Amino acid sequence: MKRFQSPGSLQSWCLQKRLENNPIALVPTMGFLHAGHVSLIRKARKAAGPTGIVIVTLYVNPTQFGQGEDFDAYPRDLKRDLAICRSEGVNAVFTPSHGSMYASPYSTYVNETLLSRQWEGIQRPSHFRGVTTIVSKLFLLTQPHVAVFGEKDFQQAMIIRQMTRDLHFPIRILLGPTLREKDGLAMSSRNAYLTENQRGQATVLYQMIQLARKELRFDPHRKWTSSRLGSVTQKLLQATPLIRLDYMAFVDPHTLQQAKTIRKGIRMLLAAYAGKTRLIDNGSL
Ligand code: AMP
């Protein structure tokens, strides 16, 4: 497995691989890998084929963290991440320094202006600008045929699809399903912040998604409004005082606009805090 730290050397290597007609699949991550990331790496391998190139980037991108957010505290374990990538047969990892990714003076950003204004973008106003900027840079450095993202960050995935189309990146965006712990909690590097009690209650987000699905299955002919389904599912939060809901929404999966009534394919989006830890989850209804 190759490890690149300089953007220039990664780019030259990838350009060479492309010239040699190797399929290239990219998996951008912030490291502290868990089984969810591994599932994306396997999806990338499938897309690239056994002789193709799978590239995993391990980079805690500072521009997607707001003031006062957890950039410094974000969990990191490079040694373990490298071992996981090696054992998954990854061809190359990219572990750049901040100075090389954002050489001073740095002044160029990529901004998606429609989908990124809502939901996560409200509590975290500069977050998606950081995401679209780093992902564009990684696309330009690695020139992949395919890039793989997780549905766990559903809004992010939709914004990346939009950006890819808008900027004519010749890249196929693949999405992998959310991997969950046994009790339903969506896997996330940030789960490492949770206290035992918070961890116990954090499963409520998945329970709310499951309850919404159950209600719809239970009575498929009844017309559900979003507000009614919202109040039914929110009742679960009464038993979880450590979880503070930020938003719950039922949205069109393409526009991310709130839907008044529930139909098949509507996405339920959830964001909450356990102490200072932000938890997000989503599911298709
Ligand atoms: P992160 O390291 O949190 O920036 O995530 C890197 C990629 O992994 C993103 O495309 C995420 O959506 C995806 N991801 C994070 N958690 C999960 C999960 N539980 N299941 C599947 N994919 C995930």
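## An arginine to start with

Arg263 is partly exposed, at a relative accessible area of 46%. Here buried means under 20% relative accessible area, exposed means over 50%, and partly exposed lies in between (1.4 Å probe, protein chains only). Arg263 forms a salt bridge with Asp252, and their closest N and O atoms are 3.3 Å apart. A salt bridge, for this report, is a side-chain nitrogen of Lys or Arg within 4 Å of a carboxyl oxygen of Asp or Glu. Both Arg263 and Asp252 lie in the loop between E7 and E8, so the pair ties together parts that are 11 residues apart in sequence. Asp252, for its part, is buried, with a relative accessible area of 17%.

Before going further, please note that this is a predicted model, in which local features need pLDDT of at least 70 and side-chain atom pairs count only at pLDDT 80 or more, while totals for chains, interfaces and linings use all residues. Residues are numbered from 1 along each chain as its sequence is written, and side-chain values use heavy atoms, with hydrogens and water left out.

## The chain as a whole

The chain has 10 helices and nine strands; helices (H or I, at least four residues) and strands (E, at least two) are DSSP runs, numbered from the N terminus. Its radius of gyration is 19 Å, close to the 19 Å that the globule rule gives for 285 residues, so the chain is as compact as a globular protein of that length. That radius is taken over C-alpha atoms, and the rule is 2.2 Å times the number of residues to the power 0.38. Along the principal axes, the C-alpha atoms fill a box of roughly 55 × 40 × 35 Å.

Buried residues account for 55% of the 285 residues in the chain. Of the contacts between residues at least 6 apart in sequence, 72% join residues at least 24 apart, where contact means heavy atoms within 4.5 Å.

How many salt bridges does the structure hold? There are 10 salt bridges. In one of them, Glu88 pairs with Arg42, the closest N and O atoms being 2.7 Å apart. This pair links distant parts of the chain, 46 residues apart: Glu88 is in the loop between helix H3 (78–87) and strand E4 (92–94), and Arg42 is in helix H2 (residues 35–48).

Asp183 and Arg199 also meet through their side chains in a salt bridge (3.0 Å, N to O). Asp183 is in the loop between strand E6 (172–176) and helix H8 (196–201), with Arg199 in helix H8, 16 residues apart. Asp183 is partly exposed at 38% relative accessibility, and Arg199 is partly exposed at 24%. Elsewhere, a network of salt bridges links Glu120, Asp246 and Arg278.

## Backbone points to look at

Most residues other than glycine have a negative phi, and most peptide bonds are trans. With that in mind, have a look at Ser104 and Pro105, which are joined by a cis peptide bond with omega of about -5°. Pro105 lies in the loop between helix H4 (98–101) and helix H5 (120–123).

The loop between H4 and H5 is also the place of Trp119, whose phi is positive, near 50°. Trp119 counts as buried, at 13% relative accessibility. Leu256 has a positive phi too, near 65°. Leu256 sits in the loop between strand E7 (243–251) and strand E8 (267–274). Is Leu256 buried or exposed? Leu256 is buried, with a relative accessible area of 0%.
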